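Welcome! Here is a short briefing to read alongside the structure.

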Amino acid sequence: MKINVLFSNLNLDDLYFTGKTCVVIDVLRASTVIVAALANGAKEVIPVNTVDFAVKVSGDAFRSQTILGGERNTKKVEGFALGNSPLEYTQDVIGGKSIILYTTNGSRSIVKAKFAENLFIACFNNLGAIANHLLSLKKDVEIICAGTNGGFNLEDAVCAGNIIAQLSLHKKEIQFTDSAIASSLLYKTYSKSILKMLKNTDHGKLLIENGFVDDLKECAKLDSTDVIPHYISGVLKKLDLDINKAKKTGNNSNSLNVEEK
Ligand code: MLT
């Protein structure tokens with residue numbers, strides 16, 4: 001098992017991810033929003049890479065079941081029902097709905113990794129569940145930091161570093177690349193106060209300026225859920241860990257119904 005961290009995906013072709021096991025991180029705030037939406041009962045989240053495509057996808061026969069969400073420059077996109085604050089994605093608003101999500105870096109990084117064999121979404125809220133699941137898969141992993149405008153950002157690297165720190169407890173079977181080791185060192189530096197770290201990042205400061213300080217508190221929560229968003233055929237759904245376990249042990253008597261929740 002070899003773990004790599006990509007601090008940027010700017011120069012990579014979409015085909016680089018073909019057949020790989022990948023985890024996309026956009027702590028502020030797309031991956032935290034996706035985890036919140038699925039934890040609060042959304043049917044699915046459909047990440048898209050342009051606003052035009054978001055509008056197109058929402059304009060089908062199931063319009064009443066879909067909600068457009070996302071941001072441009074941290075603010076709700078004109079005409080969208082929701083912005084990109086995890087606090088907006090409450091059960092009463094998004095329960096049972098399909099969310100079509102466009103964000104500047106996060107949703108686009110997910111779409112870029114669409115050819116991955118396994119693609120999961122991580123944020124500080126679900127790191128324990130992600131680390132355990134990666135250990136159970138025993139595959140090489142690419143952790144993709146969405147970053148900011150194709151460049152490095154601290155919050156995604158620190159979040160990746162938490163995963164590396166957890167996996168390194170099983171060091172014997174796992175190899176870590178230089179970027180993975182660097183991210184785990186960053187995590188060690190900032191682990192005492194994730195919220196303080198978020199408040200001091202470039203994007204954290206911008207969110208505070210724009211009135212989203214409560215979002216930072218939400219994004220800083222460690223292990224508040226075990227929801228793992230799993231991307232299949234263009235759609236993110238909650239990974240059903242029980243079905244996955246049954247598949248592994250061969251104890252899956254209902255194999256025709258193996259579906260994500
Ligand atoms: C992004 O994808 O760039 C972010 O999620 C931006 C944000 O809403 O904070």
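In this predicted model, a polar backbone atom of Gly 106 sits 2.7 Å from an oxygen atom of the ligand. The protein covers 99% of the 270 Å² of accessible area that the ligand has on its own.

**Around the ligand**

- Besides Asp 26, Arg 29 and Gly 106, the residues around the ligand are Leu 28, Ala 30, Glu 71, Asn 84, Thr 103, Thr 104, Asn 105, His 203 and Leu 207.
- By type, this shell divides into six polar, three nonpolar and three charged residues.

**Two spots in the backbone**

- Leu 28 and Arg 29, both among the residues around the ligand, are joined by a cis peptide bond, with omega at about -5 degrees.
- To find Arg 29 in the view, look in the loop between β2 (21–25) and α1 (30–39).
- Asn 73 is not a glycine, yet its phi is positive, at about 55 degrees.
- You will find Asn 73 in the loop that runs between β4 (66–72) and β5 (75–76).

**A pair of helices**

- Helix α5 covers residues 127–137 and helix α6 covers residues 154–167; the two pack with their axes 9 Å apart, at an angle of about 50 degrees.
- Because of that angle, α5 and α6 count as oblique to each other.
- As for handedness, the crossing of α5 and α6 is right-handed.

How values were computed: Residues are numbered from 1 along each chain as its sequence is written. This is a predicted model: local features need pLDDT of at least 70, side-chain atom pairs count only at pLDDT 80 or more; totals for chains, interfaces and linings use all residues. Side-chain values use heavy atoms; hydrogens and water are left out. A residue is near a molecule or strand if one of its heavy atoms lies within 4 Å of it. A polar contact is a pair of N or O atoms within 3.5 Å; within protein, one must be able to donate a hydrogen and the other to accept it, and residues adjacent in sequence count only if both atoms are side-chain atoms. Accessible areas come from the Shrake-Rupley method with a 1.4 Å probe; for residues, only the protein chains shown count as cover. Ala, Val, Leu, Ile, Met, Phe, Trp, Tyr, Cys and Pro count as nonpolar, Asp, Glu, Lys and Arg as charged, and the others, Gly among them, as polar. Axes are lines fitted to C-alpha atoms, for helices over the stretch in contact, and angles run from 0 to 180 degrees between N-to-C directions. Helices (H or I, at least four residues) and strands (E, at least two) are DSSP runs, numbered from the N terminus. Angles under 35 degrees count as roughly parallel, over 145 as roughly antiparallel, 65 to 115 as roughly perpendicular and the rest as oblique. A crossing is left-handed if the near helix is turned anticlockwise from the far one by less than a right angle, and right-handed if clockwise.
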